[in-house]
Amino acid sequence: MKKIFIFAILCACFNTTANAAMRVDIYGPGQNIVNLALAAPVTAPQIEATGMGRDLQQLVEQNLSFLPFLHLTNPRSVLGGTVLAGHEPPNLDFKRFQLAGSDILVTCYWPNGDSGIKAVQLRAFETNTGGRLFGKEYPRVTSNDLPEVADRFCSDLLEALTGSGTFFRSTLAFTKKTGIMSANIWLVKPTGRDLRQITNIPGETLSPAWSPDGRFVVFSHINPKSHALGVWDSNSKKVQRIPFPGNVVIGPAFMPDNKVAVALSNGNYPVIFLLNHVFQKERILEQGNSINVSPTFDSAGTKMAFTSSRLGGPQIFLKDLGTGTVTRVSKNGTYNTEANLSPDGTLVVFSRMTDYGHRIFVQDMVTGVERQISFGPGSDEQPSFCADSYFIAFASTRRGGRGIYLTTRHGGEAKKVPTGGGPASFPRWSR
Amino acid sequence: MKRYALIFTLVMAITAGFGCAKKSADAAYGDDISPELNAAIQQITDARVYFAFNKFDIKSEYKEMLKGKADLIKRYSTIRVRIEGNCDERGTQEYNLALGERRARAAYEHLVTLGVNPGQLEAISYGKENPAVQGSGESAWSKNRRDDFRVVAH
């Protein structure tokens, strides 16, 4: 964390003023496609970088391939090639990129060469106007820093285009199963980098959830004798196991104030409790003569979506935490579970059991329109919104073994997140 | 570390203290128990209660069997039984944990209604994480929607 902070401070920002105002509306119904060209990285005019420059280029390309609204221009389609005589106007030939259909041109300049510890300058321009979207210098870059530089650049580019760059700054927590009643929590960037295991405890872990400050991951833990709330602290790297009376701990979730809501036993049906900051019961958020589980909140903490069997089969409901009003969200199907509320509070994504397995649906809370966004094959489950309310991660058996996939609020082709071997489930984004 | 060592020592001492009165028994039933108790444990653990999809009510066909279990648990007051609620693979994991809890709790409440001391019972849900039978299709699913009865002390 300290390293990232120092790195951010060192990141000298030069002339970030955006002359052009190109924006991509990723939230509207008519999401447009933007064509982006990457100029060859150079160390001097017409001199292509072949060391760290080439490696950084590959990482940026990999990152950008996760953005469904970006189409990368094939370098072979650029007449005259992508090695340029400069890295900013007036020495940039935008025409050749316009002819190749590119809307945006990204340049990468290593003023002192690209081996050892060197600075790199990355800029993005609108090809039509020549206006700069943004530009940044990353000083003292080593080969170990390249993934972080790529993530920071892509995050900045995404933010400049859409208003939110959280995708490349997020980390997914998920579970990886190693046998019956045996699973642990892992972390990975949505691009598949920084894969690491954070818990190593006997028993089954389910339903990880990040604290808003990114310090804790809570989860359900089941061993043969008991349920418990698991708490992983990123500061100490230790896991605490907190049992509750009634032996039921299902689907914990953090509220924006860093308090946890979780389904616990109240002697009869599972009840959604709010816990205080030391994980003790504070008050009931939802209860009744039915199953009430899987709470999820918007980023303001004013709404809670959850699963309830109050009408027979499991359905999704939304509770206004201010007024206490509960409204039904899922109106079709007989088995709807695993709701996840978008941080902006406008959408609820959930899974529905169909004759062909589970599928992911999105309910628009503003228009009332429901839309199916996953179509298998296999079973698609456990959807989770990124902080940008745009990307959705989910678990699927579409390629046989269970893995983590990414799609968006509009659906579209799902992209697999590399998570190494073993069945992966329960993807949950850091905020 | 010292604290853990102290707790471990205390737990061992307490366990040893209770050892004469009550045996912890997730393990196989040893030679040191009477044939009658052994048979009772077998009868309590062998028969399972099965459920319909997404249901947790006890079907009437299992009520006689549960009465037999209740009589035995009442007769042997040192016995402690864990009721484990399970689901088939079709539902989702969090909801199945809740459904499994309702299944375990249904048998628990039925046994208590029949006069069993609640102190001799505990309930837990494994959701769909601990299937009795691997595979898909109703023949496997119907065997996995169940309550298991495990004698954890006698």
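Okay, let's start with how chain A is divided: the domain assignment gives domain 1, residues 2-167, and domain 2, residues 170-429. Keep in mind that this is a predicted model. The centres of those two domains of chain A, taken over C-alpha atoms, are 35 Å apart. Where they touch, domain 1 of chain A puts in 11 residues and domain 2 of chain A puts in 14 residues.

Next, a helix pair in chain A. Helix α2 runs over residues 52-64 and helix α4 over residues 146-162, and the two pack at an angle of about 50° with their axes 9 Å apart. That angle makes α2(A) oblique to α4(A). As for handedness, α2(A) passes α4(A) in a right-handed crossing. If you want to click on the residues, the α2(A) side includes A:Leu56, A:Leu59 and A:Val60, and the α4(A) side includes A:Val149, A:Ala150 and A:Phe153. Among the others are A:Asp55 in α2(A) and A:Asp151 in α4(A). Count up the whole contact of α2(A) with α4(A) and you have 11 nonpolar, 1 polar and 2 charged residues.

Which peptide bonds ending at a proline are cis here? One of them goes from A:Pro89 to A:Pro90, with omega near 10°. You'll find A:Pro90 in the loop between β4 (70-72) and α3 (94-99) of chain A. Another goes from A:Gly376 to A:Pro377, and its omega is near 5°. A:Pro377 is also in a loop, between β26 (370-372) and β27 (380-385) of chain A.

Then there's phi. A:Phe426 has a phi near 55°, which is positive, and this residue isn't a glycine. A:Phe426 sits in strand β31 of chain A, residues 424-429. So, is A:Phe426 buried or exposed? It's buried, because 29 other C-beta atoms lie within 10 Å, and the cut-off for buried is 20 or more.

Over in chain B, B:Asn54 has a positive phi too, about 60°, and again we're not talking about a glycine. B:Asn54 is in a loop, the one between β1 (49-50) and α3 (63-75) of chain B. B:Asn54 has 20 C-beta neighbours inside 10 Å, so it counts as buried.

Notes:
Residues are numbered from 1 along each chain as its sequence is written. Chains are lettered from A and ligands numbered from 1 in the order in which they are written. This is a predicted model: local features need pLDDT of at least 70, side-chain atom pairs count only at pLDDT 80 or more; totals for chains, interfaces and linings use all residues. Axes are lines fitted to C-alpha atoms, for helices over the stretch in contact, and angles run from 0 to 180 degrees between N-to-C directions. Helices (H or I, at least four residues) and strands (E, at least two) are DSSP runs, numbered from the N terminus. Angles under 35 degrees count as roughly parallel, over 145 as roughly antiparallel, 65 to 115 as roughly perpendicular and the rest as oblique. A crossing is left-handed if the near helix is turned anticlockwise from the far one by less than a right angle, and right-handed if clockwise. Two residues are in contact if their C-beta atoms, placed from the backbone, lie within 7 Å. Ala, Val, Leu, Ile, Met, Phe, Trp, Tyr, Cys and Pro count as nonpolar, Asp, Glu, Lys and Arg as charged, and the others, Gly among them, as polar. Domain bounds come from an automatic or database domain assignment. A residue is buried if 20 or more other C-beta atoms lie within 10 Å of its own, exposed if 12 or fewer, and partly exposed in between; C-beta atoms are placed from the backbone.
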